[in-house]
Every structure is written in C-alpha cells, then in structure tokens.
Amino acid sequence: MISVGAKALTNFVVGGDLKDSVFRELIQALPVAIYMTDAQGRLTYFNPAAVKLSGRVPELGTDKWCITWRIFLPDGTPLPHDQCPMAMALKGAEVPTGIECIAERPDGTRFWFTPCPAVFRDAEGRILGGINLLMDITDRKNAETEAAEQFRAIVETTPECVKIIAPDGTLLFMNPAGLAMVGAASAADITGRNVYDIIAAEDRDRFREFNESVCRGAKASLQFDVVGFGGARRHMETHAAPLRHHDGATVHLAITHDVTERRQAERAALLLRAVVDSSDDAIVSKNLNGIITSWNKSAERMFGYTAEEGIGQSITMLIPPDRLGEEPEILARLARGERVDHFETVRRRKDGSLLDISLTISPVRDAAEGVIIGASKIARDISERKRVERAGLLLCAIVNSSDDAIISKDLNGIITSWNESAERMFGYTAAEAVGQSVTMLMPADRLEEEPEILARLRRGERVEHFETVRRRKDGALLDISLTISPVRNSKGVIVGASKIARDIGESKRTRAALVASEARFRQLADTMPQIVWTARPDGYIDYYNERWYEYTGFNRNVFGHAGWEAILHPEDVERRHETWCAAINAGQPYNIEYRLKDKNLNRWRWFVGRAVPVRDTEDKVVKWFGTCTDIDEQKRAQEKLRRANDDLEQFAFSASHDLQEPLRTVKIYSELLASRHVDGASGEARQFVTFVRDGATRMEMLVRDLLAFTQVIKMDDPGDEIADANDAVKEALANLAGAIAESRAEISTDPLPAVRVHGMHLQQLFQNLIGNAIKYRSPQRQPIVHVSAERRNAHWIFTVSDNGIGIAPEYKENIFGLFKRLHNSNEYSGTGIGLAICQRIMDRYHGRIWVESEPGYGSDFRFRLPV
Ligand code: ADP
C-alpha cells in the first residue's frame, strides 16, 4: 500500500497534475492540510483542508514555501517563510519530527501546528519537489496551556513550597509559598542560587545526595532543616520526583512542607507524654460521659488498674459508693467549663482499699472548635499528707496543751512560732512575738547568753535544763529552765531551734520552802531523844539525827543502811530487813522491835523501830520518816514482871496444890473431934471445933478455886477444837444441880452456838456465871436465870441474865479482879476468884467480859468470843 501510494504520490507531485483521480479525491477529502511545491518551493497544489486551516487561498506558482500567512516559533519569535521547516527540507536539511509552530491567519487568529515536510528525489537524488502536512494541534496546545495555567495557579497559591532544582543544586524555580518559607522577598532573591546554601549545615550532605538521586530518576522523601535568609531555622519535609526539563536534562521537582510546628507539636506531645508518664500524680482523661480515655503510669500504680483495664471503663469504678454523688456534680461543673481545683476526696483502689486523694479536673476542649469534649483529671495521693496533717494536728494540740512555753526561732534568733503557754508565761500574744528577736525576753544582764546558745545550736548541740531568768512583757522576771534543740530541714541542715521553757519559779519557791522546812525538821529532830531518820521512796536513808551518831558513833557522812548490820543484833538482822523491804514495797508503815548496840556501853539495847511513809497530794510516797525509840528499860521491866508473874503463878499453883493435903488432914480430924468428943466438950470447945471445920472448908474452896485459876493459862491453844456451848451449859447445870434444887431456881436456855475454845473453859464460864446468878438471888423472889447467845458481826455474845440483887455501877469493873468480893462470907459464901477465872479465860481468847446490872433487879453478865 505504501509503495503504491509512494509511486502514485511521486507521479502526482512530479507530473504537476493529478492523473490519478483516486488520489486526487483522497487528498482533497483528507481533513489534514496538505500542500506541495516544486524544487524551488513554489506552491503547486493545496487541498481544501489547507485553505481552511491557513485562512487564505494561496496563489499557486507564486507563494513559496508555506501556505500560512505568518509563522512563529513556540516562544513567539517570528519565523521567516524561507526558514520554515518545509523550506529547510527543500534545501536538503534534515527536519526533526514533532516541531511545533504557531501560524497566524490574515484575520489575526492563530493556530498551532506540527509540520511534516517530505521531499521527492529523482534517481540521481536531486530534489524534484516537496509535500508538507500541517497537523492542527491547536486543541491539544490549548488544553496544554490551560493545564499549565492551572498548574501555575496551583503552584502559586499552594501553601507548600514547590521548587525545581538542577542536578548541581541550582534553584530553577520556587513558588511564592517557598519564597516565604525561606524568607526570600522575591523570586529574584533565589533564582540562580544554589539550594545547598540554605540547607542547614548538618543536613547539607544528605540533601545533596538526595538531590542527585532524584535527578537520576528516583522518587523520594526527606526531612531536613533550612536556615532561611532571615536566619530562621525551619524543619521541612520534602517529597520529590524527577522532572524532565525542556532542555532535556532531568531535574528535581519537590513539594516541601514546613513541618516545624508539626514537629514542635509532636515533640510537645512526646514531652507531654513523658511528663504525664513520669508524673507522680495519676493523670487520667475522660469524656463527658465519664468514660476513661487515657491512663498514665502513676494511675496504674495509684489505683492498681493497668491502662488496658482502665481505659474504656467508667470513672465511677474508682468512686466508693458513698461518694458516687460527686461525679454528676463534677461533670456538671466541667460542662460549664469550670475547673475543679484541689478537691479532696476518697477513691477506691482495685484491691478495694481506700485512698485519700486531691483531684484537679480541667475541661478539655476540642482544639479547633473550643467545644468541651472531656476532662483531664490529676489525682494526687494525699494519704501521706493526710497522715502528716493528722499528726500535725496532734502535734499542734500537744504543743498548745503543754504547760511549757514552746517556741521556735531561726538561726538569727527571730521567733517563728509561739504556743499558748508562751503567751501565758511571757504575756506576749503570738502575733506580738513572732517575727521579734528572742532577746526581747532577756533581761539586760542575760543578753550574753544568746550568742552562746546560738553557737551551740549551730554546732548541732542541745542545751538541756539551762536555768536562767527571762523577762515578761510586764517587766516581771521569771525563773525558767530552757531546753533548746536544733531544728533541721529535710536535708539535715540546721535552720533554727525549738525552745521549751519551763517556769521553775514555783518549783524554786517550793524548793526554798522545802529547804526551810527541812532545816526546821532537822532542828527539831536533833533535839529529840529518839533516833530519827528519813529515807527516799526507794528506802535509801538520806538523813539521821544527832542521836543516831551519838548512839552508834558512826561517821556523819555515812548514809543509807551502811553500818546497820554492825549494830543490829545478829538475831534481828534478817527480821528487820524483811520487814523494812515489805514496808517499802507496800508503802505501809512498819513497827518492829530489835536490839541495837550502844557504842558507849558496848551492849545491846532494845528499840522499837517505826517508819511511816510521807505521801504527796497524789498519794505517792515521797519520803519515809522513821524513829528508833529506846524501850530497853521498859523491856527489862516487862521481863521482870513476866518472871515475877511466872514465879507467882508457880507459887500459887504449888501452894494451892500442896495446901490441899494438910487441909484435908485438918478437916478430917476436926470432923472426928466434933463427932467423937463434942458431947463431953464444953460449949466453947464445940464452938471452936465448928470454927476450925468451917475455916478448913472455906480454905478448901479457896485452894480449889486458886488452882482452877492458875490452870487457865496452863492449857494449850485449842487449835481446831470446837466446843458446843449447849453441852458446856448442860455440864455446868449438872455440877450445880444441888444449888439449883435448893434454891428452886428456874433456868432456861436458848439454842447456843459452838465456838473455838476448850470445852473445859466454856463450862467453867457458865458454871461460874450461873452459880453466881443463883447465889446472888433476891430473897424476895424465886431466881430465874436465862442463858442466850447473839451473833454480832464476827462475834458471839453470850448472856447469862438473872433477877438477883444486882450490882452497883461503881463495882462493875472491880468484881472481875482476883479476890474482889462485895460481900463477906457470912452473907454469901465465896472466894472472889470465880469472876477472875472468867476474866482470865477471856484474856486467853482475846475476848471480853462485862456486866450490865440494875441493883435490886438483876444482872446481865455478857462475854464475847470470836465466831
Ligand atoms: P464470889 O466467890 O464472891 O462469888 P466472884 O468472883 O464470883 O466471887 O464474885 C465477885 C463478887 O461479885 C461477888 O462477891 C458478888 O458480890 C458479885 N457478884 C458476882 N455475881 C453476881 C451476881 N450474879 N449478882 C450480884 N452480885 C454478883
């Protein structure tokens, strides 16, 4: 087809006419502008499409080279007709394909076209003529221009930097946004400059490599810093692609964002994250429904839930049931845009334990619109602070309830705190004192103490119980004892001092009074004939009077119990020691007899040692007061008496016992004398015999009673023996049966108890008392005797009552003495021993016997025995 076409075309051109109508018709109908020329370039043919395109009808044979009216290069430079591509081709030049030109029509309109000139040659290669096809590319070109315009508009207005860089780094283009980014005033500032100059030094090599690789055809991205013309450093992120430049070279097209802010934001976010995570406070955010949206490390530690467990849950999981009411309140405040500051509350950990916390909750707003979208919560664990606060309150209470003034001062001596006792003690209120120098409390003559005290504090020393004088606000002087301790801060540096001031005025006065009273006491004690000593509560003897030193001959510097063993009788040492120790332990007085050696006579003397505790108002033993009283004389007298009594007892016993025998002889022979010789004897002799017999009978009674009397103390302790008083009365009555019958006495007895005495003694008691009740009956009436017993507390009181003659009050004591009688033997027989025996029995049992009587009416004899 081509070879046929080419031959036909050659014929057609060279022949100068169109013999082949098929060709002719075909070319005429083609919508492409076609014209032909001869070897000299004169137009020989054109088709209708060429007329239409060029906007003119050319003159064949006259017009040369082109059918167009005027031709321009794409950049607008006019192109003379003889230099147009067809002319060049006819002149034998090689014309590249794809040339684009602009032609102007006579009416002034322009169009883009691409020429496709071709020449015909003869067999020798000579040019015979040419043919040119003009492809109308106006539409394409317009579209291209439009796209370029659009592109330019985009490039001009985009906020990103658009730039084109040559392989060597020369900046070929940069849009206005880019110029602004690098601080260039206009394109002139940068065109032709090397981009590397504005790349930060540390990024320059990287950027050069990047540029070169893009110019070799790679697509890539890079982050780097630029230092603009104003010196401002910006962080950039560039996305680059290779671009084919119109000069054929491949250049670097880049779209670059200024990511400085984004990077700052990222860094700030990282920083914030780090801050949030490293905070000791739990930082939690939640949305307006109370759903947790973030949860930092401290929240994990504080509440025991991990971030996974916490996020997505309702914040109410942390709220103890009794605090649930807080949440709606908090949400309502947040919704109003309010901040909740340092709200102290209690929250619950995962393990159920409760936590004191302080919450600060701020609304979180959407960055763009400012709408509240949630809240950030900072929870601080204040358990420790609460504990400290409580402890602080306690300390405060202690400080204020102290009777001592408690003051703190700094190292310049300026008062920093002042408690209530300080107000009372010194008369300044806290407001008056704090901020003042402590020297205001010092009398002029004590001022030199302060530098000394401060120096000691600076060395970290404590000043203890330093007794000094301070001045009150009213000028009065005060005796005080100071205890001052350095106060250190948390790093251990001494920053001040705490001072405890105790008013010792009172104790000083007390001490003075004590000294005075002690002096008086010693004066008194020294004049006493007894040994006097005082001891501390622990038993250490701290004072002896003169008498002690005189008696013992000890050194006056010796106190305590030194020397006691040397002067105590060996048999008394242990007993005294035990008694004294027991007394100290019990805080009870003691009373003990012991022997002490008289240094002058070198012999033992009996003493009664007594000690009493001295107690303060709180009943605490503060001292012991003791005496040793010489009872040696008394002891000896007692001893003598005891021996005499023993002798007497012995004598009475043996006398009464030994007298019984001769008495019986006298009695028997006087009886015989009376029965055998009474008839022959004179009336006088008979009377004498009767006297002898009566005397002997009375003597016999006396001896019997005396013997009974001495026997009372000879019996052993009854031990566990218990005597039934009913039995004792029965036996007594049996012994008295004769007298009862003779006197026709009426005897009655109540049921009686048993008591811890010898039965024998109880019987003697009743026999004597009932016997007396019958004997001392009234002549006017029948004797009535009643025996009874009554319990009173720990005692039984026995009563023998009669209706006899009674006893006058003045004899009520007397009658219990030995041989004491109110009547002679002619009136009432008797020995005066009966009641004495009763008394002796009662003494033996630590009982008591007495009489209640109304003379002429009767008597009640009572005796008391322990139950
Ligand atoms: P006596 O052997 O004289 O009875 P007592 O020691 O028994 O000696 O009594 C001392 C004196 O007490 C008696 O002499 C008597 O005067 C008086 N007396 C004792 N009992 C009674 C009594 N029940 N009524 C009146 N007087 C009594």
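A salt bridge is taken as a side-chain nitrogen of Lys or Arg within 4 Å of a carboxyl oxygen of Asp or Glu. The model is predicted, so local features need pLDDT of at least 70 and side-chain atom pairs count only at pLDDT 80 or more, while totals for chains, interfaces and linings use all residues. Residues are numbered from 1 along each chain as its sequence is written, and side-chain values use heavy atoms, with hydrogens and water left out.

By this rule, 58 salt bridges are counted. One of them joins the side chains of Asp632 and Arg636, at 2.6 Å from N to O. Both residues belong to helix α21, where they are four residues apart and so separated by about one helical turn. Helices (H or I, at least four residues) and strands (E, at least two) are DSSP runs, numbered from the N terminus. Asp632 is buried, at 0% relative accessibility. Arg636 is partly exposed, at 41%. Here buried means under 20% relative accessible area, exposed means over 50%, and partly exposed lies in between (1.4 Å probe, protein chains only).

A salt bridge also links Arg642 and Asp646, whose closest N and O atoms are 3.3 Å apart. These two are again four residues apart in helix α21, about one helical turn. Arg642 is partly exposed at 42% relative accessibility. Asp646 is partly exposed as well, at 41%. Elsewhere, salt bridges with shared partners connect Glu100, Arg140, Lys141 and Glu144 in one network.

Arg605 and Glu633 form a salt bridge with a closest N to O separation of 3.8 Å. Arg605 lies in strand β26 (residues 603-615) and Glu633 in helix α21 (residues 632-677), so the pair ties together parts that are 28 residues apart in sequence. Arg605 is buried, with 10% relative accessibility. Glu633 is exposed, with a relative accessible area of 55%.

Five strands form an open antiparallel sheet in the order β9-β8-β12-β11-β10. Strands pair if DSSP finds at least two bridges between them. β9 (171-174) and β10 (220-227) stand at the edges; each has a single partner strand, so one side of each lacks a neighbour in the sheet. On average, neighbouring strands are turned by 30° against each other, direction ignored. Axes are lines fitted to C-alpha atoms, for helices over the stretch in contact, and angles run from 0 to 180 degrees between N-to-C directions.

Within this sheet, β11 (residues 233-244) and β12 (residues 250-258) run antiparallel and are joined by nine bridges. Met236 stands opposite Asp258 in β12. Helix α8 (residues 204-215) packs on the sheet and touches β8 (161-165), β10, β11 and β12. The direction of α8 makes about 140° with that of β10. Contact means heavy atoms within 4.5 Å.

Ser481 is placed in strand β21 (residues 477-488). Ser481 is buried, at 9% relative accessibility. Leaving aside residues up to four places away in sequence, Ser481 touches His465, Phe466, Glu467, Ile500, Ala501, Arg502 and Ile504.

Val364, Val371 and Ile373 make a nonpolar surface patch of about 220 Å². Patches consist of residues with over 30% relative accessible area and no salt bridge; like charges are joined within 9 Å, and nonpolar side chains (Val, Leu, Ile, Met, Phe, Trp, Tyr) within 5 Å. Accessible areas come from the Shrake-Rupley method with a 1.4 Å probe, and for residues only the protein chains shown count as cover. Val371 sits in the loop between β16 (354-365) and β17 (372-381). Val371 is partly exposed, at 43% relative accessibility.
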